[in-house]
Amino acid sequence: MSIKQLNTIIIDDHPLLIEAYRNSLMDIEAANATWNFTISEANSCDTALELLDRLQATGQHIDLVFLDIEIPASNKGTHLSGEDIGLEIRERFSNSKIIIATTFSNNYRIHTIFKSINPDGFLIKGDISTGILLPAILDVLSDPPFYSKSVLKYLRKSISNNFLLDKWDRMLLYELSQGIKMKELPEILPFSIAAIEKRKRHIKLLFDIGEADDRQLLLKARELGFI
């Protein structure tokens, strides 16, 4: 029986979660004699980039990635989070299977991560336990994808909406939910105040709350799963 060597990288800065990943991989090795995991670690954007450069320079591939979105940014400011590292991996090691873990639970961030990285596994850290890591890894290796309970809840809510907001509408709602004032939005979005107000009116019409104020708009957006 041949053993398949799986080159695995863990990009995370939480020692307990790193240990949980390692323990789960050891359990899989013990139960399945055909898989063996070679594990490398990084705990920031800079150390992750160094690891990717080293693997690429030596012609190695990456089979499995555990990726934390909220790792420290690179010193040069070129990579701000694990999301940027995920994009690097998708570009350089296109056959890699990526399992994302994050504490983010708002729907806007989940949506953008899905759109940018399209992970093979997606876990909200609050959902993670010993009982979920093993099936998550096994599913990603054999029959992806695997999404944790909170991610599935978002997906169900998103699919149930029978209208579409584009990425700028979603970003507008997200920035408003973060307390950004209307006068500040043209510095963040590529639109004038008048164009932003027009988008906001359009969203209210889609939500069937045409005369609502911003507070009611955000409450409805949360109810429908957009933020």
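**Note on the predicted model**

1. Among contacts in the protein between residues at least 6 apart in sequence, 66% join residues at least 24 apart, where contact means heavy atoms within 4.5 Å. This is a predicted model, in which local features need pLDDT of at least 70 and side-chain atom pairs count only at pLDDT 80 or more, whereas totals for chains, interfaces and linings use all residues. Residues are numbered from 1 along each chain as its sequence is written, and side-chain values use heavy atoms, with hydrogens and water left out.

2. The protein has 9 helices and 6 strands, these being DSSP runs numbered from the N terminus (helices H or I, at least four residues; strands E, at least two). Its C-alpha trace spans about 65 × 35 × 30 Å along the principal axes. Of the 227 residues, 44% are buried; here buried means under 20% relative accessible area, exposed over 50%, and partly exposed in between (1.4 Å probe, protein chains only).

3. The 6 strands form an open sheet in the order E2-E1-E3-E4-E5-E6, with parallel pairing. Strand E2 (35-42) and E6 stand at the edges with a single partner strand each, so one side of each is left without a neighbour in the sheet. Two strands count as paired if DSSP finds at least two bridges between them; strand E1 (residues 4-11) is joined to E2 by 8 bridges, and isoleucine 10 stands opposite glutamate 41 in E2.

4. Helix H1 (residues 15-31) has 17 residues and reaches 24 Å from its first C-alpha to its last, close to the 24 Å expected at 1.5 Å a residue, the expected span being 1.5 Å times one less than the number of residues. Leu17, Ile18, Tyr21, Ser24, Leu25 and Ile28 of H1 are buried. Seen down the axis of H1, these buried residues fall within an arc of 125°, so they line one face of the helix; the arc is that of the directions from the helix axis to the C-beta atoms. On the other side of H1, Pro15, Leu16, Met26 and Ala30 are exposed.

5. Serine 148 lies in the loop between strand E6 (146-147) and helix H6 (149-160), and is buried, with a relative accessible area of 1%. Its side chain makes a polar contact with the side chain of aspartate 127 (2.9 Å). A polar contact is a pair of N or O atoms within 3.5 Å; within protein, one must be able to donate a hydrogen and the other to accept it, and residues adjacent in sequence count only if both atoms are side-chain atoms. Not counting residues up to four places away in sequence, serine 148 touches Phe122, Leu123, Ile124, Asp127 and Ile132.

6. Glutamine 60, in the loop between helix H2 (45-57) and strand E3 (64-68), is partly exposed at 38% relative accessibility. The side chain of glutamine 60 makes a polar contact with the side chain of threonine 58 (2.9 Å). Leaving aside neighbours within four places in sequence, glutamine 60 is in contact with Asn7, Leu55 and Phe93.

7. Two backbone features deserve a look. Most residues other than glycine have a negative phi, and most peptide bonds are trans. Asparagine 118, in the loop between helix H4 (107-117) and strand E5 (121-124), has a positive phi of about 50° although it is not a glycine, and is exposed, with a relative accessible area of 51%. A cis peptide bond, with omega about 10°, joins proline 144 and proline 145, and proline 145 is found in the loop between helix H5 (130-142) and E6.
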